[in-house]
Amino acid sequence: VSAVSTGVRRPAVIAIGFVLAANPNQCPKVVKLLAESYNPHVRYGSAMAVGVACTGSASKEALELLAPMLADPVDYVRQGALLATSMVLMQCSDHREEGRAAEHRKHLQKVVADKHEDTMTKFGAIVATGLLDAGGRNVSISLLSKSSSRVMSSIVGVGVFTHFWFWHPLLLFVSLAFHPLLLF
């Protein structure tokens with residue numbers, strides 16, 4: 001990503017997640033170098049790209065890529081890492097005491113309770129908690145149908161959601177990508 005403007009770099013990197021949504025295992029490999037960029041906007045974009053592509057997969061590679069970003073010195077990179085980790089862990093059945101989902105929930109609670117944490121990171125932790133518990137833990141974000149075709153309303157919803165950076169009410173568009181997992 002060689003654009004001069006960070007307003008172009010960040011969405012360009014996020015778009016990698018949409019392109020690789022059909023092959024989620026490829027995304028962590030593709031954005032690995034971008035996740036180590038000197039530019040925090042590129043790091044944020046790489047976190048969100050992994051979150052978009054690997055949502056609901058509990059991918060070990062994705063979580064390993066996101067782990068260092070949870071302690072990034074830049075507040076909005078930490079925010080993106082929290083959101084992306086929650087997206088990857090959506091519908092993760094590993095809720096044991098030492099499981100990744102339980103560990104992530106404890107980390108989110110710690111971030112929200114820490115009075116010295118940046119407001120932007122706290123906001124990300126609150127939204128990340130909401131993503132984990134979306135639909136009473138009965139929905140997941142899905143950009144593809146069961147037949148692996150792209151669901152345009154879901155893609156638009158997540159695309160607009162990733163731009164909440166500019167206006168917080170855009171967060172609500174993520175609900176367009178929620179698909180129930182259990183129907184009676």
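Ser86 lies in helix α5, which spans residues 75-89; helices are DSSP runs of H or I with at least four residues, strands are runs of E with at least two, and both are numbered from the N terminus. This is a predicted model, in which local features need pLDDT of at least 70 and side-chain atom pairs count only at pLDDT 80 or more, while totals for chains, interfaces and linings use all residues. Residues are numbered from 1 along each chain as its sequence is written, and side-chain values use heavy atoms, with hydrogens and water left out.

**Ser86**
- Ser86 counts as buried because its relative accessibility is 0%, where buried means under 20% relative accessible area (1.4 Å probe, protein chains only).
- Beyond its neighbours within four places in sequence, Ser86 is in contact (heavy atoms within 4.5 Å) with His104, Leu108, Ala128, Thr129, Leu131 and Leu132.

**α5 beside α7**
- The axes of α5 and α7, which are lines fitted to C-alpha atoms over the stretch in contact, come within 8 Å and cross at roughly 5°.
- The two helices, α5 and α7, are therefore roughly parallel to each other, a term for angles under 35 degrees between N-to-C directions, on a scale from 0 to 180 degrees.
- Among the residues that make this contact are Ser86 and Met87 of α5 and Ala128 and Leu131 of α7.

**Phe161 and α9**
- Phe161 is one of the buried residues of helix α9 (residues 152-161), and what covers those buried residues includes α5 and α7.
- Leaving aside neighbours within four places in sequence, Phe161 is in contact with residues including Met87 and Leu131.

How values were computed: Buried means under 20% relative accessible area, exposed over 50%, partly exposed in between (1.4 Å probe, protein chains only). Angles under 35 degrees count as roughly parallel, over 145 as roughly antiparallel, 65 to 115 as roughly perpendicular and the rest as oblique.
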